[in-house]
Amino acid sequence: MRERHFIPEIQEAPFGSPAPADLRAALEDFYLSRQALRRSPATLEHYQYTAGHFVAWLESRGLRLPSEVRPSHPRAWLAEISEKGVKDTTLHAKARGAKTLLRFWYEEGYLLSPIDLKLPRLDQKQLPSLTIEELRRVIKACSTQRDRALVLLLADSGIRRAEVLALNWGDVDFSTGAVIVRRGKGGKARVAAIGATTRRALLAYRRSLSCTQSGSPMFQTRHGSRLRPAGARSIFPRLVSRVGFLVSPHILRRTFARHSLRNGMDLITLQRLMGHSDPSMTARYVKLVTEDLVAEHADHGLDVWLRA
């Protein structure tokens, strides 16, 4: 008789109820989920800095499983960070990363009940931007065609620094000024725009390059490779030393927003051009423009006329 081999029956876990995983395994699952969603390298690094820090803190408190996490844990973690005197933006970033992680853990069954982490308040600070005269001085201070094209593109489009550095020459339609941002914040694509002055500066810069195919990086090092964030950052201290005031990619982005609103651009258009998913972010610029107008009225309004 032919020998029969016994094959044991595999016991599968009920659907939707994953086997218990420790904190580190659950964190790795979270990282993989963000990669599967095609989050940008900067976003993945952000989660390592925030969610990763939170998990390390939980482990230092003796926790082993996500199911052991209670609402008091993230609150205690944030309170401990706040006591160190960190900036409000740093505290807010940490909280956002932990909040995303906790939501993922609940959706995937690592947590039995949701943990609703309230984000700390951000201080309403004056967002620096440049006047038109200051922007002219910055453009004039650029010592290379590349730097001039970079400054003009940032100020004319409102595109983030990382989005600009990811551009290829084929992403700009030089006949219309449309700029395709293929991977904006959160991996979302959108269309921005630039005017004739910026297009001419880009074309002048392109004539100095040897790699100008459609898929070639727009902003390059002297060796023809893509300009990295560290290389772009090194440009602005030199500009600051020449003009005598603060200038950065984000200040140029704010400059675009502020002057676009002052010149009549509607809020919805500005939100789309800047890639804001939350209208409240764009509304902050409306508040600043309103403050500008009130200040100008105080300097030139009826009270001034009557005192004259």
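**Surface.** The protein exposes about 18,600 Å². Carbon and sulfur atoms supply 54% of that area. I kept in mind that this is a predicted model.

**Overall make-up.** I then counted burial over the 308 residues of the protein: 40% are buried. For secondary structure I found 13 helices and 2 strands. I also looked at contacts between residues at least 6 apart in sequence. Of these, 64% join residues at least 24 apart.

**Second largest pocket.** I looked up its volume and got about 250 Å³. The lining has 13 residues, and I noted those closest to the centre: Ile-132, Leu-135, Leu-152, Ala-155 and Asp-156. I sorted the lining by type and got 6 nonpolar, 5 polar and 2 charged residues. Which helices each supply at least two residues of this lining? I found helix 5 (132-141), helix 6 (145-157), helix 8 (196-206) and helix 10 (249-262).

**Helix 10.** I followed up on this contributor to the pocket lining. Helix 10 has 14 residues. From first C-alpha to last I get 20 Å, close to the 20 Å expected at 1.5 Å a residue. Is helix 10 mostly covered or mostly open? I find it mostly covered, with 12 of its 14 residues buried. Among the buried residues I listed the arginines Arg-253, Arg-254 and Arg-258. Last, I checked what comes after the helix. Gly-264 follows helix 10, and its phi is positive, near 100°.

Technical notes. Residues are numbered from 1 along each chain as its sequence is written. This is a predicted model: local features need pLDDT of at least 70, side-chain atom pairs count only at pLDDT 80 or more; totals for chains, interfaces and linings use all residues. Side-chain values use heavy atoms; hydrogens and water are left out. On a 1 Å grid over the protein atoms alone, a cavity is a set of points where a 1.4 Å probe fits but cannot get out, and a pocket is an open set with protein on both sides within 12 Å along at least five of seven lines; lining residues have an atom within 4 Å of a point. Grid points are joined across faces, edges and corners, and a volume is the space filled by probe spheres set on the points. Helices (H or I, at least four residues) and strands (E, at least two) are DSSP runs, numbered from the N terminus. Ala, Val, Leu, Ile, Met, Phe, Trp, Tyr, Cys and Pro count as nonpolar, Asp, Glu, Lys and Arg as charged, and the others, Gly among them, as polar. The expected span of a helix is 1.5 Å times one less than its number of residues. Buried means under 20% relative accessible area, exposed over 50%, partly exposed in between (1.4 Å probe, protein chains only). Contact means heavy atoms within 4.5 Å. Accessible areas come from the Shrake-Rupley method with a 1.4 Å probe; for residues, only the protein chains shown count as cover.
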